[in-house]
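Have your viewer ready and follow along, one selection at a time. We will go from a pair of strands to rings, charges and cores.

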Amino acid sequence: MTGRDGSDSRDTAFNDGELDRRLASVWSTPPGLWGILSTVDHKIIGRRYITTAFIFLALGGFLSLLMRLQLAQPEARFIGPDRYNQIFTMHGTNMMFLFAVPVMQAMAVYFVPLMVGTRNIAFPRLNAFSYWIYLAGGLLLWLAFVLDAGPDIGWFAYVPLSGPQYAAGKRADMWAQMITFTEVSALAVAVEIVVTVFKQRAPGMSLDRIPLFVWSMLVTSFLVILAMPAIMIASTSLILDRLVETHFFNPAEGGDVLLWQHLFWFFGHPEVYIIFLPAVGMVSTIVATFTRRPVFGYLAMVMAMIATGVLAFGLWVHHMFVAGLPRLGQSFFTASSMAIAVPAGLQIFCWLATMWAGRPIFKTPFLFVIGFMITFVIGGLTGVMVASVPFDTQVHDTYFVVAHFHYVLVGGAVFPLLGAVYYWFPKVTGRMMNETFGRWVFGLIFTGFNLTFFPMHILGLRGMPRRIYTYQPEMPWSALNMFISLSAVILVLGFLLFFVDAIRSARSGDAAPSNPWGASTLEWATSSPPPPYNFARLPVVGSLEPLSDHSDALPVAEGLRVDRRELLVSSVVEAIPEARESSSGDSIWPLWAALATTATLIWSIFTPWAVVWGSIPVAIALIGWFWPKGVPEDES
């Protein structure tokens with residue numbers, strides 16, 4: 001086959017140097033502003049996602065520090081009740097919707113295509129659109145907060161307090177529309193990950209050879225697809241109640257306030273596992289690398305992740321035990337809430353067995369894994385406690401629950417995430433993070449976290465309710481609150497040191513070897529950082545640990561074109577090559593579509609007619625996006 005210039009257009013016709021040059025010319029992002037705005041390279045978009053999510057983490061952490069300053073002493077006047085409600089709502093909303101879920105999907109956007117051995121993510125323009133819409137939603141929320149119009153209804157926005165009767169103004173509408181932004185973004189990424197994993201794996205990477213991190217993101221993506229429409233329906237119904245006077249949640253007109261809780265928590269509890277399951281994959285990857293052996297019980301780990309995903313949809317009512325539910329329903333959800341501890345315990349056992357049989361190397365990523373196991377087990381035990389109706393009735397809406405979900409979410413997600421950052425930092429930047437700084441970061445964060453959140457269990461047992469901005473001096477909470485607030489400073493110092501280390505290392509850290517940890521998964525089979533095309537010749541996989549089996553050079557597949565962007569499509573089960581598929585080039589239309597969608601959603605906060613008139617620019621952007629470009633089909 002010949003290209004437009006008369007030369008052979010297949011990769012088999014070139015040596016490695018010439019092949020790299022030709023692929024770089026086809027796959028590289030254009031320089032300058034146009035390239036920044038139009039790129040569809042999954043690595044560039046993944047870096048943007050990760051960076052933006054960590055900025056939101058820093059902002060959310062700053063808000064939590066403000067809350068701790070207010071609660072350090074009784075009857076403090078540092079923050080007034082109205083602003084405190086905004087800060088409380090912004091902290092929870094920011095951490096759950098703008099950091100926890102997006103950062104996990106961001107790691108998948110960057111690493112899943114590399115780990116399955118393909119050149120780009122599926123639907124790359126949709127991937128670019130998902131980032132722009134996520135960024136717009138985050139900016140909308142924070143702009144509203146800066147203008148003193150931030151939401152003040154809690155990150156859960158319970159009705160009727162968030163409804164038109166009790167929440168005047170546009171604060172609740174800002175929250176509800178932000179949900180639409182972030183969930184559209186998350187759904188788009190989930191679809192991309194599912195298609196990439198099922199149809200773009202390297203030849204030979206059958207289902208039983210997929211890395212555990214990829215499995216975790218695949219299960220997570222199905223959870224996103226199945227769970228997030230519920231919160232979109234809930235937030236849209238809330239907006240309709242507020243803007244056009246429907247009555248979905250108005251009991252006086254046939255609505256039901258408990259409908260909101262059912263819709264919200266049907267999404268909200270699977271969301272915990274949308275955050276946790278990627279951490280399972282990160283921990284598995286780090287444990288296998290730093291113990292120098294495959295994770296014990298690969299099949300059991302995969303089945304445990306799938307079981308967690310299935311069981312996650314049968315737990316939501318344990319957030320509603322005090323809402324007046326039938327006793328039989330309470331018994332069912334108590335049993336299911338305890339049952340989900342079984343696959344989690346199985347995963348812990350597999351990791352411990354791997355460490356026991358391996359030769360652990362205690363580098364910074366592995367230290368964060370150990371910290372994760374300790375904190376997550378504590379969070380899991382308290383989770384079993386609050387799954388009991390009599391106990392939950394006593395501690396519901398107290399600081400015991402605050403301690404529990406921070407142990408689950410921070411211990412179960414942030415610790416593995418920080419370990420993954422230290423682990424994959426050389427792959428993304430080509431530089432190593434500082435090991436000494438890393439140990440200090442781990443020590444400060446682990447110590448500060450436990451000193452901050454473990455005493456909250458005691459506060460809850462002493463009856464301190466959540467969501468209060470002050471308390472009376474005669475209550476037995478003052479000493480513990482001061483201790484917690486002082487301990488939070490240690491936690492903040494740990495994160496500050498982490499950000500300093502990451503920025504310094506990205507600029508002037510030691511150059512990283514091609515595979516600094518001696519890992520066995522495919523992302524380390526290419527250079528660090530990877531080239532725009534990921535792999536010059538696609539690797540062929542013959543086992544679960546391809547780099548361990550082929551220490552010199554991997555076998556490769558050939559035959560893809562070099563004069564246009566082209567991907568290999570493989571079968572779902574055995575990853576047998578089936579076809580070659582063109583991959584979309586850089587385009588400005590995803591940005592225009594995101595801008596048009598953003599304008600429509602923000603406009604609709606003020607008038608429902610925005611949905612009608614706003615559909616016109618959205619349609620124009622989509623027509624430009626999908627307009628046929630005349631790319632020739634394969635000739636063979």
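Start by selecting strands β3 (residues 566–570) and β4 (residues 577–582), which run antiparallel and are joined by 5 bridges. Two strands count as paired when DSSP finds at least two bridges between them; strands are DSSP runs (E, at least two residues), as helices are (H or I, at least four residues), and both are numbered from the N terminus. Before moving on, note that this is a predicted model: local features need pLDDT of at least 70, side-chain atom pairs count only at pLDDT 80 or more, and totals for chains, interfaces and linings use all residues. Residues are numbered from 1 along each chain as its sequence is written, and side-chain values use heavy atoms, with hydrogens and water left out.

Stay with the strands and click leucine 568: opposite stands arginine 580 in β4. The two strands form a hairpin with 6 residues between them, and in the turn alanine 575 has a positive phi of about 55 degrees.

Next, show the nonpolar cores, meaning sets of buried Ala, Val, Leu, Ile, Met, Phe, Trp, Tyr and Cys residues joined through side-chain atoms within 4.5 Å. Buried is under 20% relative accessible area, exposed over 50%, and partly exposed in between (1.4 Å probe, protein chains only). The largest core has 195 residues, and Trp260, Trp351 and Trp424 touch the most other members. Colour helix α4 (residues 81–116), the source of the largest share of this core, 23 residues. A second, separate core of 8 residues includes Leu19, Ala536, Val562 and Leu567.

Now centre on tryptophan 351. Leaving out residues up to four places away in sequence, its contacts (heavy atoms within 4.5 Å) include Val280, Val283, Phe372 and Met373.

How many aromatic pairs are there? The count is 57, where rings of Phe, Tyr and Trp (its six-membered ring) pair if their centres lie within 6.5 Å; planes under 30 degrees apart are stacked, over 60 edge-to-face and the rest tilted. Select phenylalanine 111 and tryptophan 424: their ring centres are 4.3 Å apart and their planes at 25 degrees, so this pair is stacked. Phenylalanine 111 belongs to helix α4 and tryptophan 424 to helix α14 (residues 399–429), 313 residues apart.

Finish with arginine 83, which lies over the face of phenylalanine 145, 4.2 Å from the ring centre. A charge sits over a ring if NZ of Lys or CZ of Arg is within 6 Å of the ring centre and within 35 degrees of the ring normal.
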